[in-house]
Amino acid sequence: MKHLLTTKELSREEAELILDVTEQMAEAVTGREVPKLPALRGRTVVNLFFEDSTRTRTSFETAAKRLSADVVNFAAKTSSVNKGESLRDTALTLQAMGADAVVIRHPAAGAPQRLTEWIEGAVLNAGDGTHAHPTQALLDAYTMKKRLGGVEGRTVAIVGDILHSRVARSNIWLLSKLGAHVRLVGPPTLLPKDIDDWPVEIGYDLDASLKGVDAVMMLRVQRERQNAAFFPTANEYARLYGLDERRLALMPDHAIVMHPGPMNRGMEIAAAVADSPRATITEQVTNGVWVRMAVLYLLLTNGESK
Amino acid sequence: MSNVLIKSADIVGKGRRDVLVRDGRVAEIGSVSEKSTVAKDVEVVDADGLVLLPGLVDLHTHLREPGREDAETVLSGTRAAAKGGYTAVCAMANSYPVADTAGVVEQVAALGRAAGYADVQPIGAVSIGLEGKRLAEIGAMAQSAAAVRMFSDDGHCVHDPVLMRRALEYVKTFDGLVAQHAEEPRLTEGAQMNEGAVSAELGLPGWPSVAEEAIIARDVLLAEYTGARVHFCHVSTARSVDIIREAKARGAKVTAEVCPHHLLLTDEAARSYDPVYKVNPPLRREADVAVLRAALVEGVIDAVATDHAPHAPQDKECEWAAARPGMLGLETALSISVLALGGPAEVDWDVLAERTSRTPARIAGLEAHGRDPQPGTEANFTLVDPSATWTVVPEGLASLSRNTPYAGMELPVTVQATFLRGRATVLNGKIEEETHS
Ligand SMILES: [Zn+2]
């Protein structure tokens, strides 16, 4: 594994290895006075963020620092919008700086893949357009593993704006690869066209889709989508596809509620549900650091030294 | 050299003949003779084993001059055209400034004459600045020295039905036509590639086929209603072909072109995220490619047109969404057309000549082009080697730009010579540097 661009390209073995190493990272660091491992001492990890996302950038930064890597934060502007430096020129700069790994977040799908053509270091996709967000899917799978005892055979409903969601895409490939049953639920306007070949069931009725689930993953929905006629109003969206307490009661008692954050309380998720003990939202944040440690470690050491 | 004896060429696949050209026109055409005495001022070109075609005519070329001379100039673009076997190209109006006045179209035509590698027929803009709001001075462009007959806002669709109707009524007076870039703009906002299974996976916003088909259907009706001529640029979907077939059966005055890339490549190419495959309209599905090929053979699609769209490196060496759409076409179109029509062994040269030369010349009103050799016709010909192959090397192309989607591919058929009014613009597969005698 030289780069991590999508979960689609991961083999099941690679995905399971990442989850195993994630567990080891959590165990190795938890309870330590100084939560730090020396594994990546002397290595440089660049956070190249073309979109503002303090949460994700901080998570990667924390992960890299806990592995003793040197971290460079490189905030950049996109060439398409701001006519700033081109992605290629930025890549050549990073190459000259000797970056061992570049963590990239970019509004354009495929930007991380382009980056691999211009730099020698490892490229780690931290979210590209509506394409992929592999570490989010890995941390979701890890969270399910911890809460539900595994992923294989579990049923997961992914609810909301599938069309614009890189989180949904990455979860679909990863969870189905790990043996989960995936249901997609949302208004037809927010589901991509021609997805008959995807390893999923598709539903438009949230109540029906919640029956028998082990986990439900609520996606963030931008209110502004109502202006492009994806749904009539935020209220109607919340009524049809929001997770409230009534719907929570339709789910089996053991089923968990996930959300990649940031949440729109009152839109896709009711405040009471977000704060309920069945919601795993803060655990997902914690697990995100372990997962990103595992991925950085595997990419930069090829798993050779532990 | 405008006195040439082309010896032993297979004339459009119908048999070998000698063709004598004097003062730019065919003087004699006769059976192959071994010992014909040749006058001193006549250059002999041995065309044994080569097929002679009427010089190719492109209905859709972006020459980028004026405005983007870093990507292409009239000179470099027409050199690329000659290399690809073309003797005439129609230059699209989306230059900077836009070709929406008599002054700009005359300038482009003059640059073409000065370059001397291919006849350049400017296309005028339908609307001022391609903005789709007010009609450009179509009459002035028609009456200018450039004698514009074809009008297009290509790059943009003439989406306002009122503007389209008025433009059609207007061009009808001089048997002009509107070449429509069929793309309903509201259905393609932010679109990056064909909408379908591949875009769903790649997370690139989709360009739905219905955005093309809806405009074609509307414009067929407007063509019938006004009695004017509409030409559809770069038809890319199977359903568009159905609509055009039905329209022609009813007698609507519509014609259509297809681009080489839509005859060969599919949206699967986008998986690389390499913007060299980004083009508008986008690469479609395998099923569309098959229907377009069949429609080209059948004649529902009238012509192959390149949509040659050179771009500077920085407009392609970037992320997909930031890249400009378009790909080079002039130097590869003949080879791809041969492939699409069954390959060099199976191709019907007469059909190839019809779709790449005669019909496009007729659509554009270029009377001296698209003619098989007959005594008196202008000697605008291409000699192709049907048994040769070549490998596309971007750095080896005559275009100033490098954005070919065929880099590294081995293609059938080479252009050995191109003659413009009897003068070789390409000879022995190489561009002639001296075009003025
Ligand atoms: Zn166009």
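In this predicted model, the second largest pocket holds about 1000 Å³ of space. Its lining comprises 42 residues, and those that lie nearest the centre are Gly155(B), His156(B), Asn280(B), Arg324(B) and Pro325(B). Sorted by class, the lining of this pocket contains 17 nonpolar, 15 polar and ten charged residues.

Asp154(B) coordinates the zinc ion through OD, His181(B) through ND1 and His234(B) through NE2, at 1.9 to 2.2 Å. The spacing of these donor residues along the sequence is D-x26-H-x52-H. Asp154(B) is found in the loop between β9 (150-151) and α4 (161-172) of chain B, and His234(B) in the loop between β13 (229-232) and α7 (238-250) of chain B; the pair therefore ties together parts that are 80 residues apart in sequence. Asp154(B) and His234(B) are both buried.

Chain A was examined as a whole. Its secondary structure consists of twelve helices and nine strands. The radius of gyration of chain A is 19 Å, close to the 19 Å given by the globule rule for 306 residues, so chain A is as compact as a globular protein of that length. The C-alpha trace of chain A spans about 55 × 45 × 35 Å along its principal axes. Of the 306 residues in chain A, 57% are buried. When contacts in chain A between residues at least 6 apart in sequence are considered, 73% of them join residues at least 24 apart.

Conventions:
Residues numbered from 1 in each chain as written. Chains lettered and ligands numbered in written order. Predicted model: local features only at pLDDT ≥ 70, side-chain atom pairs only at ≥ 80, totals over all residues. Heavy atoms only, no water. Donors = N, O, S within 2.8 Å, 3.2 Å for Na, K, Ca; no water. Helix = DSSP H or I, 4+ residues; strand = E, 2+ residues; numbered from the N terminus. Buried < 20%, exposed > 50% of the residue type's maximum accessible area, 1.4 Å probe, protein only. 1 Å grid on protein atoms, 1.4 Å probe; cavity = no way out; pocket = protein on both sides within 12 Å on 5 of 7 lines; lining within 4 Å. Points joined across faces, edges and corners; volume = space filled by probe spheres on them. Nonpolar A, V, L, I, M, F, W, Y, C, P; charged D, E, K, R; others polar. Rg over C-alpha atoms; globule rule 2.2 N^0.38 Å. Contact = heavy atoms within 4.5 Å.
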